[in-house]
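Come along while I look things up.

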Amino acid sequence: MKIKTTLTALCCAVMAITATGTANAAKIGVSMPTQSLQRWNQDGHNLKDQLEQSKHKVELLYAGDNDIPTQLNQIENLIAANCDVLVVAPIDGGSLTEVLRGAKEKGIPVISYDRLIMNSDAISYYATFDNYKVGQIQGNFIVDALKLKDANTTPKNIEFFTGSIDDNNVNFFWGGAIDVLQPYLDKGKLVCPSGQTKKEQVATLNWSTEEAQKRMENLISSNGYGPEGKKLDAILSSNDSVANGITNALVAEGYNKDNFPILTGQDCDKPSVKNMKKGIQTMSVFKDTRVLADQVVKMVNAIVDKKDVPVNDTSTYNNGTGVIPSFLCSPIVVTKDNLKEVLVDSGYYSEKDIK
Ligand code: BGC
C-alpha cells in the first residue's frame, strides 16, 4: 500500500514536471534591446509566455529603442533583484562586460539570447539561430536566382547591405553570404558597381530602415541605377528592417514588381511579408521566435533543475573569454510561394496580419 502511494506520488510529480517542464519555479530576468522592431516584441512576448507556462516569474524589460545606458541600468536592477537566471539580447555585444561582473559575483547564470555578449566570462550559454547559415542561405538564393552557376550567364550587378557593426551576428550573416558570393565577384560573374564590398562599408547602424534608405538613394544617384538607367540585378540585405529601407528607395525611383532586383531579407517581419506578396522583396529568412523561446525555456529549466543544459554547438561562438556552449536553431527560406504554408498555416501570423 505504502509502495503504491509512493509510486502514485512519484508518478504525479513526474507528470507535473513533464507538464510544466521543470520541478522548480524561479525568477527569470529578460533584457531585450528594442521595442521598435517587430521581431524583438515577438521574442519578448513568446519568451515570457513560455517561461510563465513553466511556472517561472518573469521580469521582461526593453531598453527603449536600442538605448545602451538603459539596458545597462535594467540589467543592474535585475541582478540587484536577485533573479535566478538572466536572459539577455544585447544592443551592443561589447558593452556589458562591467555590469555582468555583478551577475558572476552573485552566481547568476546568464544566457545570451540571439546575439552573443562579448568579452564577459559571466555568459553560461548562448541560444540563437545558425547565423552563418542565414548568410549562406541569402548568398545561395542570389546565386540561384541569377543563375550564376550557368556558364552562359552574363555578369550581373549587385550591391551589398549588412547590419549594425556592434552586433556580433553581423560577422556571421555577412561571413556566410560573402563566402558564397566572393568567388563570383572574383570571377567577374558578379560586379559591384559602387565598389563597396567590405563589411564596414556596407554596415547599417542599428539596423536602421532610414539609414538603409539613405544609402540606397545615394547608390542610385551615384551609380545611375534606375528602371531606365543602369541595371541593378540583386541586392544582398542581411535583414528585413534594412531591406525595407532599400525597397522604399527603389519604389521611389520607379521600380515595381516587374523590374525589381532580387532582394534578400531576414525575420519575415510583417512589412517584408507584405512586400514579398507584392513582388517588391524576393525572399526572407524565417527564424521562428517560438522555436528560440522554447529552446531558451529548456535551457532555463535545466539550469534551475541542475540538469544537463541542452546545447548542439561547442566550437563556433567564442566571445573572447572562451567558447560559449550554444544551441543553434534552424532558419528557413521564405518566398511568396511558401509564405502561407510557413507563416500562416503554422499560426505565426493570421491572414489579416499580412494583408
Ligand atoms: C538578429 C536579426 C535582426 C537584427 C536586427 C540581429 O541580431 O539576429 O534577426 O534582424 O538583429 O534587429
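How far does a polar side-chain atom of D167 lie from an oxygen atom of the ligand? I looked it up in this model, which is a predicted one, and found 2.6 Å.

**Entry: around the ligand.** I checked D267 next, and one of its polar side-chain atoms is 2.5 Å from a ligand oxygen. For K287, I noted 2.9 Å between a polar side-chain atom and an oxygen atom of the ligand.

Entry: Which order do the strands follow? I read 7-6-8-9, in an open sheet of four strands with parallel pairing. At the edges I found strand 7 (190-191) and strand 9 (262-263), each pairing on one side only. I followed strand 7 to strand 6 (residues 156-161) and saw that the two run parallel, joined by two bridges. My residue-level note here is that N157 has V191, in strand 7, as its bridge partner.

**Entry: helices on the sheet.** I traced helix 6 (residues 169-187) and saw that it lies across strand 6, strand 7 and strand 8 (234-237). Its direction is at about 155° to strand 6. Helix 9 (residues 240-252) also packs on the sheet, and I found it touching strand 6, strand 8 and strand 9. For helix 9 and strand 8, I wrote down an angle of about 150° between their directions.

Technical notes:
Residues numbered from 1 in each chain as written. Predicted model: local features only at pLDDT ≥ 70, side-chain atom pairs only at ≥ 80, totals over all residues. Heavy atoms only, no water. Pairing = 2+ DSSP bridges. Contact = heavy atoms within 4.5 Å. Axes fitted to C-alpha atoms, helices over the stretch in contact; angles between N-to-C directions. Polar contact = N/O pair within 3.5 Å; in protein donor to acceptor, adjacent residues only side chain to side chain.
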